Amino acid sequence: MTLLPFYFPEAIPGLFFGCIIANFFGGFGIVDMFFGSLATLIAAFLTRRSKNIFIAALWPVISNMIIIGVELHYLLDVPLIATSIYVGLGEAGACYIVGLPLMKILEKRNIISRNNA
């Protein structure tokens, strides 16, 4: 879903508020509601501004890798580098292994287009 702003600017607030709601029910409470949603918002804005879908998919990876990596480092007292890499790899899998192929299939079937926005 983090690639949706590339095609639809209206996905930015949807992702942001959806992240707030999801993190409300998560285990880290208000801290994750703030920082997790901030990571999503930054990624969504940068994804929207990207000219290339492959670069657009990089912003959620970087944003979450840095912000959530630091958050988990402080909340759980785990090594920063290892945690950031772990978060980055998970986000990269979601964006590049699942998200990009799905977006390409939807583009090929003319269901979505960058020209829609």
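Mentor: Let's start with a term: a polar contact is a pair of N or O atoms within 3.5 Å, and within protein one must be able to donate a hydrogen and the other to accept it, while residues adjacent in sequence count only if both atoms are side-chain atoms.

Trainee: Which backbone oxygen does the side chain of Ser37 reach?

Mentor: That of Met33, at 2.6 Å. This is a predicted model, where local features need pLDDT of at least 70, side-chain atom pairs count only at pLDDT 80 or more, and totals for chains, interfaces and linings use all residues. Residues are numbered from 1 along each chain as its sequence is written, and side-chain values use heavy atoms, with hydrogens and water left out.

Trainee: Is Ser37 buried or exposed?

Mentor: Ser37 has 0% relative accessibility, so it counts as buried (under 20% relative accessible area, with exposed over 50% and partly exposed in between, using a 1.4 Å probe and protein chains only).

Trainee: What is Ser37 in contact with, leaving aside neighbours within four places in sequence?

Mentor: Phe16, Cys19, Ile20, Asn23 and Asp32, where contact means heavy atoms within 4.5 Å.

Trainee: New topic: at what angle do helix 2 and helix 3 cross?

Mentor: Roughly 160°, and the axes of helix 2 (residues 11-24) and helix 3 (residues 29-49) come within 8 Å. Axes are lines fitted to C-alpha atoms, for helices over the stretch in contact, with angles from 0 to 180 degrees between N-to-C directions. Helices (H or I, at least four residues) are DSSP runs, numbered from the N terminus.

Trainee: What does that make the pair?

Mentor: Helix 2 and helix 3 are therefore roughly antiparallel to each other, a label for angles over 145 degrees.

How values were computed
Helix = DSSP H or I, 4+ residues; strand = E, 2+ residues; numbered from the N terminus. Parallel < 35°, antiparallel > 145°, perpendicular 65-115°, else oblique.
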